[in-house]
Amino acid sequence: MDVGIVGWGAYVPRHRIKVEEIAKVWGSDAEAYKKGLMLREKSVPTPDQDTITISVEAARNALRRAKIDPQKIGALYIGSESHPYAVKPSGTVVAEAIGAFPSIHVADFEFACKAGSEGMFVALSLVKAGQVEYAMGIGADTSQGAPGDALEFSAAAGGAAFLFGGKPEEIAAVCEHTYSFTTDTPDFWRREYQFYPRHAGRFTGEPAYFKHVLSCAKRTMEIANLTPKDFQWAVFHQPNGKFPARAATELGFQKSQWEQGWLAPTLGNTYSGASPMGLSAILDVAKPGDRILMVSYGSGAGSDGFVWRVTDQVTKLQPLARHTRAQLEDRPIYLDYGTYAKFRGKIHKVTE
Amino acid sequence: MLGPARYWREVPQRYRYEAAKCAKCGKVFFPPRLVCNKCHSKEFTQTTLAQTGSIETFTVIRVAPTGFGDEAPYAVGIIKLDDGVRITAQITDCELDKLDIGQKVRLEFRRLGKEGESGILRYGYKFVPVA
Amino acid sequence: MRDVAVIGVGMNHWGELWEKSLRNLWTEAALEAVEHAGVDRVDAMTVGCMSSGLFVGQEHLGAMLADQLGMGPIPGTRVESACASGGLAFRQAYLAVASGVSDIVLATGVEKMTDVDGGAATYALSAAADQEYEGYHGITFPGLYAMMARAHMKAFGTTRRQLACVAAKNHDNGLLNPLAQYQMKVTPEGVMASVPVADPLGVLDCSPITDGAAAVVLVPVELAKKMGRPYIRVAASAQTTDTLALHDREELHSLAGTAKAAAMAYKEAGIGPKDLSFAEVHDCFTIAEIMVTEGLGLFEKGKGGPAAEAGVTALGGKIPINTSGGLKSKGHPVGATGIAQVREVFLQLTGQADKRQVKNPRWGLTQNMGGTGASTLIHIFERA
Ligand SMILES: [Zn+2]
């Protein structure tokens, strides 16, 4: 039985901060970030936005496309490294907000930046197993970078939601293959009670991101018996602009294949939301018959690979919700560092 | 600090905008009531508020009450929804000096506050300007 | 029902009274009223207080204050209708005397507001709005009135300057009232340039945070005559409610509760708005006074702003409003305000208002409201 995406939707906050604005405060070289990491600006959540609110809005966009009774959703998973509660699920809020309760299985996932694709993987599998009629997988984050740390230039906010189903006439993108590549590689972590995550500097590159993404992509294509030429589109986890561009090029993909899902230069790294949002941006414009390769990456470490085949249904669903890139370009509001620091809870009013 | 039950019992309104429509005269109540103040009927059907509307009046709060201090200045408005129901809510993601009566807005799910540093997080609706 | 008179009044010099507690404040004003009335007993007392619980952590004021009064185990009743609590305490006392249940009743109001910080005071006051569907969204009272102001400006072209003229006029009056919190002149320009609180209202558009109490003594008119003391007659008492939430009102730029209560009161007193010599109204914010004067029928809807700017409501104008300085300048210890309004009417109608005396007044009106006008108390008084 074919299963696949019957609805998708993204959510991008409107606030931004430019690399220059952050660099100015810490005396860093903005050009190095812009050229070296291909980052120009990043999204910033307002104090009233978090992984839960972003997930609700992304889920609602997915439902605007799927147009199914939310009561039929049997499972909902949110992957994030910034769940607002340490103990208490994010997913329960989303399930109630979209009217998909109480007959539903809900869980919050955490696997650094891979948690979103992980939720998608499990949701998809439950539909495939016939356990549930529809299932939703969401990747969303409002990640924090410590002040002055390299991560501060990229840690951004956003998310995407995917609703999976098994009715052929409803599927906009069939999932043809999946594969996961996992090792224990401590390149990035956050201990209990710590506010900011830590990373292992250049160790996050070759032995971490590139090893996992490239291995996962190669093996996924091998299983599917496909080569880069067989894909119209490819999207990779994007902790910055440079890593996915290099990975794609090494694998033999042309820029025209990966540019549409390459959001990081103006969005930043949305962690669990990163490759899912890239996939959402591709589905917004894909044509029936197109193939998409998606490879996520989560520190710790692992990559999930997916091969999607777009169907005729996609053109009907595309106009039903706001496109990912349209949101990205919609009236950005630029912040100075002080307001950004206030928005991110780095500073507080003294009386509170 | 208030216990979570007070927050929890309003969830149908705060998350899903559930309202009660008088079965007799059609007046919509948000939140739901037990008796219609127009025709005195006690029969209602459940309905959902429209999620777009326009600003009927607004202000920018610069001196905030306890719990909102970190957020000031912020805009609050009375929004006339497209179904005719009026509600009070914050207007966010906007340039405060460009707000105007009549401006089109749509509802978004947002965090409205938190019960101190360790209490529950409070979610609900705010409005954002439509492009 | 018996005719009822007010025969004695008391009030402290309102302000930030750091050294005084709620009980001290109240007892000062209460004892002054009792002494002023020349009575040797009180049969019952009422106290209007909005939120002693949130402001000082003390409830059960009926018993506590009757105890402080020291006149025996008399019935002590606390009433609450937000900022109209004082007006309601007066009405309950009036009904007790009019009905014949009691002969000498002390009506009082008190609020001790400065024991909490600004954020907590703003929060306590916002409890008069719909907590779940207004307060939950971070709206404040200045914010609610600011939204009414903006609606009024949009509907009628009311200007920022017209709002400011209300504050300037009330500060002028307050300069003539030795018990007013603010003894300071402000100009319309100064009000317009004051620190913004909730756009378009600035801090000088808002009544202040105040500690204060006020008390009046009510007796049957027959007894007042017998006692041979100056008195005024209560000619009408009206109370109305409106929707708690502002957004549920049919109009955001008018006060239906005030209009309705005014109609009831005029009917009961047998007069119309043109007969009034002056009025003490609830100017918690400058826009409120404009909307109230329209609701009272003193001006048509939309004409309150121009009237304030033209000086029609100034002392010496056609219809002086808030000769005491109003809430704006006299101060607004919420529960005490409605009682202090009655005190001003007493002074005016008995010719004891000194430098702010209205010439030969016969009819005076008090209008006191709670929330955004969800509770309204109107009383009309006639010179004896
Ligand atoms: Zn009805």
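These are my notebook entries on a predicted model, taken in the order in which I looked things up.

**Entry 1: chain B, overall**

I began with chain B and its secondary structure, which comes to two helices and eight strands. I then looked up the extent of the C-alpha trace of chain B, and along the principal axes it spans about 45 × 40 × 20 Å.

**Entry 2: chain B, burial and surface**

I looked up burial next. Chain B has 131 residues, and 53% of them are buried. For contacts in chain B between residues at least 6 apart in sequence, I noted that 46% join residues at least 24 apart. The accessible surface of chain B is about 5800 Å², and carbon and sulfur atoms account for 51% of that surface. I also noted the charges: chain B carries 21 positive and 15 negative side chains. The centres of these two sets are 7 Å apart.

**Entry 3: which chains touch**

I checked the chains against one another. Two pairs of chains touch, and the pair with the most contacts is B and C. Chains A and C do not touch. I noted 9 Å between the nearest C-alpha atoms of chain A and chain C.

**Entry 4: cavities**

How many cavities of 30 Å³ or more are there? I found four. The largest cavity has a volume of about 80 Å³. I then looked up which residues line the largest cavity, and they come from chains A and B. From chain A the lining has Y11(A), V12(A), R14(A), R322(A), Q327(A) and D330(A). From chain B it has D93(B), R106(B), E108(B) and V128(B).

**Entry 5: helix α10 of chain A**

I looked up helix α10 of chain A, which covers residues 274-283. Ten of its ten residues are buried, so the helix is largely enclosed by the rest of the structure. Among these buried residues I noted P276(A), M277(A), G278(A) and L279(A).

**Entry 6: W18(C)**

Is W18(C) buried or exposed? Its relative accessibility is 58%, and the cut-off for exposed is over 50%, so W18(C) counts as exposed. I placed W18(C) in the loop between β1 (4-11) and α1 (22-37) of chain C. Apart from neighbours within four places in sequence, W18(C) is in contact with K112(C) and T114(C). I also looked up W18(C) against D283(C): they are 265 residues apart in sequence, and their C-alpha atoms are 25 Å apart in space.

**Entry 7: cis peptide bonds**

I noted a cis peptide bond between F101(A) and P102(A), with omega about 0°. P102(A) is in the loop between α4 (91-97) and β5 (105-109) of chain A. In chain B I noted a cis peptide bond between F30(B) and P31(B), again with omega about 0°. P31(B) lies in the loop between β2 (28-29) and β3 (44-48) of chain B.

**Entry 8: positive phi in chain C**

A82(C) is not a glycine, yet its phi is near 55°. I found A82(C) in the loop between β3 (76-79) and α4 (85-98) of chain C. Its relative accessibility is 8%, so A82(C) counts as buried.

N360(C) is not a glycine either, and its phi is about 45°. I found N360(C) in the loop between α14 (334-349) and β10 (363-370) of chain C. N360(C) is exposed, with a relative accessible area of 63%.

Note on methods. Residues numbered from 1 in each chain as written. Chains lettered and ligands numbered in written order. Predicted model: local features only at pLDDT ≥ 70, side-chain atom pairs only at ≥ 80, totals over all residues. Heavy atoms only, no water. Helix = DSSP H or I, 4+ residues; strand = E, 2+ residues; numbered from the N terminus. Buried < 20%, exposed > 50% of the residue type's maximum accessible area, 1.4 Å probe, protein only. Contact = heavy atoms within 4.5 Å. Areas by Shrake-Rupley, 256 points an atom, 1.4 Å probe, with all protein chains shown as cover. Lys, Arg positive; Asp, Glu negative; His and termini not counted. Charge placed at Lys NZ, Arg CZ, Asp CG, Glu CD. 1 Å grid on protein atoms, 1.4 Å probe; cavity = no way out; pocket = protein on both sides within 12 Å on 5 of 7 lines; lining within 4 Å. Points joined across faces, edges and corners; volume = space filled by probe spheres on them.
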